[in-house]
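Me: I'm new to reading structures, and I'd like a close look at one single part. Please pick a part and walk me through it slowly.

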Amino acid sequence: MDMNSFSPMMPTSPLSMINQVKFEDEPDLKDLFITVDEPESHVTTIETFITYRIITKTSRGEFDSSEFEVRRRYQDFLWLKERLEDAHPTLIIPPLPEKFIVKGMVERFNDDFIETRRKALHKFLNRIADHPTLTFNEDFKVFLTAQAWELSSHKKQGPGLLSRMGQTVRAVALSMRGVKSRPEEFMEMNNFIETFSQKINLIDKISQRIYKEEREYFDEMKEYGPIHILWSASEEDLADTLKGVASCIDKCCKATEKRMSGLSEALLPVVHEYVLYSEMLMGVMKRRDQIQAELDSKVEALTSKKADTDLLTEEIGKLEDKVECANNALKADWERWKQNMQNDIKSAFTDMAEENIHYYEQCLATWESFLTSQTDLHLEEASEDKS
């Protein structure tokens, strides 16, 4: 599947030597392995929550040991994501699974939900580990290695509430102001994101609907096997045939269940992850625009001489460097993300297509075998009647 068939091609721009080293000079051998497993429920007087065991194995010299084991809850993952966004505002941070909206405590902590979240958290951490820049983030290292009390202490070292509020207010003000002239390549990138978001959300809805219809079909088909068995008890002449039909239905039920499992485990999570990625990309573009808007406002102030010109000139120089770094980081990460996206979606749909082909071949072979045996039986009976 060529994702560029519905989206504009991004023009390539030469990267600085720093970004070439940061993004292109990736190690051939993986040196960081992360596993998320063993979810555990915790009940306190205030809340009920789930923690997950995280095992990290590494050969990197900056780690004090080659293996670490910690437990983390969803809020810790959320903290890590926010810290990565703060440190790398124009890198594409992998998305977290959505925070569950409570419809009932039983549903929130049932096995299916916990397992689905565990897989998503496992993928989240491993996508960070495979990223050429995020993998060396200090907060990521602390997340993987620090015990609970150490992590809690580390969190308190971040920006205070008032500081975060001030940054948020300034960001909102800059976003309301907007940018005067977004570079053409980022305009095309933004158009790609909008188109991709529409397409992937539509695919997500269709996939969910197909799974729902498949589930309804499976639930209905399961009832036909037992019905034919009961029927065979009252039809002596057709007993063997009806039992044969029941056996075919049972085999098709098992094949359908396997296909549904492939749909729910291989296709749906990949599609929905990229729905979340589309939202993440919109956030990245906003943060890039905020950095540029801050530069634009300083240039405007210098032009109108509303403040100390020497101070403004110094600030503008720093902001120009900041904008260039942000742009280069996004352009480099963008190409990497787009290639991964194409590979992931192509693989998911190819695997699903192969699964469907196998499913229909299996069901067809089941019924062909049954019908052939019935035909042979009738021919034998006809031959005996003639003799």
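Reply: Happy to! One word first: buried means under 20% relative accessible area, exposed means over 50%, and partly exposed lies in between (1.4 Å probe, protein chains only). This is a predicted model, in which local features need pLDDT of at least 70, side-chain atom pairs count only at pLDDT 80 or more, and totals for chains, interfaces and linings use all residues. Residues are numbered from 1 along each chain as its sequence is written, and side-chain values use heavy atoms, with hydrogens and water left out.

Let's look at helix α5, which covers residues 138–145; helices here are DSSP runs (H or I, at least four residues) and strands are E runs of at least two, numbered from the N terminus. Because 6 of its 8 residues are buried, α5 is largely enclosed by the rest of the structure. Those buried residues are D139, F140, V142, F143, L144 and T145.

Now zoom in on D139, a residue of α5. D139 counts as buried because its relative accessibility is 8%. Apart from neighbours within four places in sequence, D139 is in contact (heavy atoms within 4.5 Å) with W79, L80, R83 and H154. Now find the start of α5: there, a side-chain oxygen of N137 comes within 2.8 Å of the backbone nitrogen of D139.

For contrast, jump to I210 in helix α8, residues 184–234. I210 counts as partly exposed because its relative accessibility is 42%, whereas D139 is buried at 8%.

Conventions:
A polar contact is a pair of N or O atoms within 3.5 Å; within protein, one must be able to donate a hydrogen and the other to accept it, and residues adjacent in sequence count only if both atoms are side-chain atoms.
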